[in-house]
Protein chains: 2
Amino acid sequence: MKLLEERIVKDGKILPGDILKIDSFLNHQIDVKLMEEIGEEFYRLFKDKEPDKILTIESSGIAIAMMTSRNFGYIPVVFAKKTVAANMAAGAYEAKEHSYTRNIEYTVQVSREYLHEGDRVLIIDDFLANGEAMHALIRICDQAGAKVVGCGSVVCKTYQPGEQRIKDLGYDVEVLARVKAMTDDGQIEFE
Amino acid sequence: MKLLEERIVKDGKILPGDILKIDSFLNHQIDVKLMEEIGEEFYRLFKDKEPDKILTIESSGIAIAMMTSRNFGYIPVVFAKKTVAANMAAGAYEAKEHSYTRNIEYTVQVSREYLHEGDRVLIIDDFLANGEAMHALIRICDQAGAKVVGCGSVVCKTYQPGEQRIKDLGYDVEVLARVKAMTDDGQIEFE
């Protein structure tokens, strides 16, 4: 997605530890118009899959999932939670996720009330690095008997294993900006 | 907001500990169309305040803030974070918030890059109970020298102190559904 790549080049920052920081428009401050355009692009890529639910993970996936849903006729968005909430129903679907950025393990949860057998789920997230978060969401869909019809990520780094890992499981993965290399002098190259 | 009150009566659940659970359309699963209508209502209530930024807090505020922004010509949404992220810039604005639901203390953070002196900030959140989260967001705006032009909450319980606490500080508070009472047999009454 050309517009997104240009924005990453313009506003993205490379931090030590191979971190691509794009929180001026995606992860902390949000460019709402850009999210609409991202939502339209995901619709174009996945419309033939006919999802009837979007599953994402808090927090950064929510804005993207909201704007994607509008294009699919306002299908429900469900966001997985990363901590045990006091008011979550007992008996949630759960999967572990290791965050390499923060070096901690999360329990990812979705209430059994909001994911069912036969649901056609489009999984949407912001970053696909090692594929931990997306894989946790897939396992949660498996537990529910829901069908994952597609996996969309806004950004991935093609030299990290996440994208291939999810494709190797047999899923249709679409990424809007595929970072091939980030250099020490701040250059970002796309595939 | 009539439509919202009807939805709370239809789908809200009262849990022990005076908890109103509306996560079938707001806090876990999201009704995207309803969020659009909530965004239009916040626009109607705050359009004269001419905000140029929306500040909310992860995770449940994000969906509401996104849909509110669209009505204000796509002004940026900034969501405050509740934990210290490894890739957050050093020197963020910070405020403490005590969560009564979970009985823990959060540090609420906003990067100095995304809140500035002179910004006209509309604060949006899902629940206004004791006002802890909203008060933390106000203090963060104070630190930045930003002007809080309004505070919007989707739901409050009028018998909890949050709404009055924020009004007593001199802020314009608007709430879309004001719960007056919740009874043991599951009835919800609005003001």
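**View 1. Strand β3 of chain A pairs with a strand of chain B.** In this predicted model, β3(A) is joined by two bridges to strand β5 (residues 77-80) of chain B, and the two run antiparallel. Within this pairing, Q29(A) stands opposite V78(B) in β5(B). Two strands are said to pair if DSSP finds at least two bridges between them, and strands (E, at least two residues) and helices (H or I, at least four) are DSSP runs numbered from the N terminus. This is a predicted model in which local features need pLDDT of at least 70 and side-chain atom pairs count only at pLDDT 80 or more, while totals for chains, interfaces and linings use all residues. Residues are numbered from 1 along each chain as its sequence is written, and chains are lettered from A and ligands numbered from 1 in the order in which they are written.

**View 2. An open sheet takes strands from both chains.** The seven strands follow the order β3(A)-β5(B)-β4(B)-β8(B)-β9(B)-β10(B)-β11(B), with mixed pairing. Its edge strands, β3 (29-30) of chain A and β11 (188-190) of chain B, each pair on one side only. Inside the sheet, strand β8 (residues 120-128) of chain B runs parallel to strand β9 (residues 147-157) of chain B, joined by eight bridges, and I123(B) stands opposite C151(B) in β9(B).

**View 3. A second open sheet has β11(A) and β3(B) at its edges.** This sheet of seven strands has the order β11(A)-β10(A)-β9(A)-β8(A)-β4(A)-β5(A)-β3(B), again with mixed pairing, and its edge strands are β11 (188-190) of chain A and β3 (29-30) of chain B. Strand β4 (residues 53-57) of chain A pairs with strand β8 (residues 120-128) of chain A in the parallel sense over three bridges, with I54(A) opposite L122(A) in β8(A).

**View 4. The side of chain A that touches chain B.** Here 31 residues of chain A are in contact with 30 residues of chain B, where contact requires C-beta atoms, placed from the backbone, to lie within 7 Å. Among the elements of chain A that each supply at least two residues are β2 (19-21), β3 and α2, whereas α3(A) gives the most, with five residues. Because 97% of the interface residues of chain A are also interface residues in chain B, the copies meet through the same surface.

**View 5. The axis relating the two chains.** A rotation of 180° with 0.0 Å of shift along its axis superposes chain A on chain B (RMSD 0.0 Å), using least squares on the C-alpha atoms of residues with pLDDT of at least 70 in both. The two copies are therefore related as by a two-fold rotation axis. In chain A, the C-alpha nearest this axis is that of S59(A), 2.7 Å from it.

How values were computed. Contact = placed C-beta atoms within 7 Å.
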